[in-house]
Amino acid sequence: MTMFTTEPKSSISSREKALEKKDVASAQGKLSARDVSIYYGSTAAIRNVTLEIPERKVTAIIGPSGCGKSTLLRAFNRMNELVGDVRLTGQVLLEETDIYAPGVDPVEVRRRIGMVFQKPNPFPKTIYKNVAWGPKINGYRGNMDELVEDCLRRAALWDEVKDKLNKSGLELSGGQQQRLCIARALATRPEVLLLDEPASALDPISTACIEELLDQLKNELTIAIVTHNMQQAARVSDHTAFLYVGELVEFGATEQLFTKPKLKRTEDYITGRFG
Ligand code: ADP
């Protein structure tokens with residue numbers, strides 16, 4: 001497996017440190033949060049969350065607005081540190097590697113764990129260049145045309161754009177732009193895709209298209225999706241995590257969580273009694 005530590009070989013590597021931690025862990029997911037707390041200044045937005053994101057499944061993170069869904073999602077690829085005064089305690093592991101360990105390169109973390117945001121944000125460049133951008137800066141030496149086509153196909157966009165690859169990505173519809181952003185994220189060959197409300201700015205047809213796409217992508221990738229839309233969580237996910245005021249209340253198989261929640265607080269939320 002490719003590692004992303006940049007530490008000198010002589011020091012105790014982050015991998016070794018992470019492996020020590022792994023010994024105490026059980027039922028490890030592809031991506032794991034271990035006792036994670038996240039603070040904006042002195043205010044905790046996430047408190048003591050331990051969560052395993054299973055490999056090649058879709059995990060939904062649900063909960064009322066402001067409960068910390070996006071903050072937790074961003075912790076999974078070190079995006080919070082781009083936001084400002086944010087501090088994380090605990091561990092986030094990608095398989096056995098602590099992604100916050102000293103010497104781990106955050107850029108490489110984000111290559112392996114891609115992200116798609118609520119508002120489609122293509123670069124003001126051509127459709128082709130949007131997809132080719134990541135591989136290009138990573139020094140990709142293969143056939144770029146083939147890679148661009150492959151990513152656009154996997155993002156279910158190829159047929160709609162194959163004759164206009166040199167048009168600006170900004171000329172596409174909102175739903176197409178979001179699929180372009182997914183194609184762009186796929187181009188660095190990530191193992192995990194994080195999506196933060198990826199369809200909430202889209203019309204119902206585009207939303208259905210994204211949901212269908214997630215179902216296909218999970219055959220090759222691990223997916224975590226934040227959504228405030230419980231029907232969407234129920235439709236697309238295999239597992240669901242319910243967050244409330246910064247804490248993980250319940251995590252389980254989606255069907256179980258939505259039909260037989262273990263905790264009253266979960267039941268109250270999914271039946272619309274609060275939140
Ligand atoms: P959700 O995604 O569930 O709506 P967020 O993760 O966006 O929740 O926010 C969780 C809490 O953290 C909220 O109280 C929010 O106000 C706060 N928060 C989010 N981003 C920032 C930030 N950049 N600076 C300070 N507080 C923030």
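Mentor: Keep in mind that this is a predicted model. Start with the open sheet of six strands, ordered E6-E7-E8-E3-E9-E10, where the pairing is mixed.

Trainee: Which are the edge strands?
Mentor: They are E6 (113–116) and E10 (247–253), and each pairs on one side only.

Trainee: And what does the twist average from one strand to the next?
Mentor: It averages 15°.

Trainee: How do E7 and E8 run, parallel or antiparallel?
Mentor: Parallel. Five bridges join E7 (residues 192–196) to E8 (residues 222–226). Take Asp 196: its bridge partner in E8 is Val 226.

Trainee: What lies across E6 and E7?
Mentor: Helix H7 does, running at about 170° to E6. Helix H8 lies across E3 (58–62), E7 and E8, and runs at about 150° to E8.

Trainee: Let's stay with H8. Where is Thr 207?
Mentor: Thr 207 sits in H8, which covers residues 204–217.

Trainee: Is Thr 207 buried or exposed, and why?
Mentor: Buried, because its relative accessible area is 14%, and the cut-off for buried is under 20%.

Trainee: What does Thr 207 touch?
Mentor: Leaving out residues up to four places away in sequence, Thr 207 touches Ala 199, Leu 202 and Gln 232. Look at Gly 175 too. Gly 175 is 32 residues from Thr 207 in sequence, and their C-alpha atoms are 7.5 Å apart.

Trainee: New topic. How do H5 and H7 pack?
Mentor: H5 (residues 144–154) and H7 (residues 174–186) pack at about 130°, and their axes are 8 Å apart. The two helices are therefore oblique to each other. Their crossing is right-handed.

Trainee: Which residues meet there?
Mentor: From H5, Cys 151, Leu 152 and Arg 154; from H7, Leu 180, Ala 183 and Leu 186. That contact divides into five nonpolar residues, no polar ones and one charged.

Trainee: What about strand E1?
Mentor: E1 spans residues 31–40, and seven of its ten residues are buried, so E1 is largely enclosed by the rest of the structure.

Trainee: How many bridges does E1 make with E2?
Mentor: Seven, in the antiparallel sense, with E2 at residues 43–53. E1 and E2 form a hairpin with two residues between them. Gly 41 in the turn has a positive phi of about 60°.

Trainee: And E4?
Mentor: Eight bridges join E1 to E4 (residues 86–94), and these strands also run antiparallel. Follow Ser 32: its bridge partner in E2 is Glu 52, and in E4 it is Leu 93.

Terms used:
Residues numbered from 1 in each chain as written. Predicted model: local features only at pLDDT ≥ 70, side-chain atom pairs only at ≥ 80, totals over all residues. Heavy atoms only, no water. Helix = DSSP H or I, 4+ residues; strand = E, 2+ residues; numbered from the N terminus. Buried < 20%, exposed > 50% of the residue type's maximum accessible area, 1.4 Å probe, protein only. Contact = heavy atoms within 4.5 Å. Axes fitted to C-alpha atoms, helices over the stretch in contact; angles between N-to-C directions. Parallel < 35°, antiparallel > 145°, perpendicular 65-115°, else oblique. Left-handed = near helix turned anticlockwise from the far one by under 90°. Nonpolar A, V, L, I, M, F, W, Y, C, P; charged D, E, K, R; others polar. Pairing = 2+ DSSP bridges.
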